[in-house]
Amino acid sequence: MFVGGSDISTPLRRNLHVGLIGEDVRERQALLNALIDTENPLGQSNLPYIEDDGEFGSKTAMRVKEFQSRNNLTIDGVIGPQTDAQMDAIWIAFLRKGRPRSSSGAA
């Protein structure tokens, strides 16, 4: 799993959903932002970058639901094993081709 712009793997230890706070939430928020830079249609977003503050709020849930919709996953706004695996798959495919164009920041 993506950790702060690197390709270090951190396993998902819990399903992430609205109301949770933690480093695992921050990592997935950063990954959702980074996926935009991959130029992979499955990672793109029509929504602005989200703040990677470690608080899973409504903006993070909207981005997760959009990602799930683009990837034909259950649209529930929860980052569980399937959503996390698909996020990782897109990121890993991108790493094999090159690095992000820019660092994602809070919007």
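Which helix gives the most to the lining of the largest pocket, and how many residues does it supply? Helix H2 (residues 58-70) does so, with four residues.

The model shown in these views is predicted, so local features are described only at pLDDT of at least 70 and side-chain atom pairs only at pLDDT 80 or more, whereas totals for chains, interfaces and linings use all residues. Residues are numbered from 1 along each chain as its sequence is written, and side-chain values use heavy atoms, with hydrogens and water left out.

**View A. Overall arrangement of the helices.**
The protein has three helices and zero strands, and along the sequence the pattern reads α-α-α; helices (H or I, at least four residues) and strands (E, at least two) are DSSP runs, numbered from the N terminus. Of the 107 residues in the protein, 40% are buried, where buried means under 20% relative accessible area, exposed over 50% and partly exposed in between, with a 1.4 Å probe and protein chains only. Among the contacts (heavy atoms within 4.5 Å) with a separation of 6 or more, 57% join residues 24 or more positions apart.

**View B. Largest pocket.**
On a 1 Å grid over the protein atoms alone, a pocket is an open set of points with protein on both sides within 12 Å along at least five of seven lines, a cavity is a set of points where a 1.4 Å probe fits but cannot get out, and lining residues have an atom within 4 Å of a point. Grid points are joined across faces, edges and corners, and a volume is the space filled by probe spheres set on the points. The largest pocket holds about 210 Å³ of space, and among the 14 residues that line this pocket, Tyr-49, Ile-50, Glu-51, Lys-59 and Thr-60 are the closest to its centre. By class, its lining comprises six nonpolar, three polar and five charged residues; Ala, Val, Leu, Ile, Met, Phe, Trp, Tyr, Cys and Pro count as nonpolar, Asp, Glu, Lys and Arg as charged, and the others, Gly among them, as polar.

**View C. Largest cavity.**
One cavity of 30 Å³ or more is counted by this rule, and the largest cavity has a volume of about 40 Å³. The largest cavity is lined by Leu-32, Leu-35, Gly-43, Gln-44, Ser-45, Arg-63, Glu-66 and Phe-67, which divide into three nonpolar, three polar and two charged residues. H1 and H2 each supply at least two residues of this lining, and H2 gives the most, with three.

**View D. Largest nonpolar core and Phe-67.**
A nonpolar core is a set of buried Ala, Val, Leu, Ile, Met, Phe, Trp, Tyr and Cys residues joined through side-chain atoms within 4.5 Å. In the largest nonpolar core, which has 18 residues, Leu-35, Phe-56, Phe-67 and Met-87 touch the most other members. Helix H1 (23-36), H2 and helix H3 (81-97) are the elements that give two or more residues to this core, and the largest share, five residues, comes from H1. With neighbours within four places in sequence left aside, Phe-67 is in contact with Leu-32, Leu-35, Leu-42, Leu-73, Thr-83, Gln-86, Met-87 and Ile-90.

The 14 residues of H1 reach 21 Å from the first C-alpha to the last, close to the 20 Å expected at 1.5 Å a residue, the expected span being 1.5 Å times one less than the number of residues. H1 is mostly covered, with 12 of its 14 residues buried, and these buried residues pack against H2 and H3. The 13 residues of H2 reach 18 Å, close to the expected 18 Å; its buried residues are Thr-60, Ala-61, Arg-63, Val-64, Glu-66, Phe-67 and Gln-68, and what covers them includes H1 and H3. Just after H2, Asn-72 takes a positive phi of about 55 degrees.

Thr-83 is found in helix H3 and counts as buried because its relative accessibility is 5%. Not counting residues up to four places away in sequence, Thr-83 touches Val-64, Phe-67, Gln-68, Leu-73 and Val-78. Arg-70, by contrast, lies in helix H2 and, at 28% relative accessibility, counts as partly exposed. With neighbours within four places in sequence left aside, Arg-70 is in contact with Pro-41, Leu-42, Gln-44, Ser-45 and Asn-46; the C-alpha atoms of Arg-70 and Gln-44, which are 26 residues apart along the chain, are separated by 8.4 Å.
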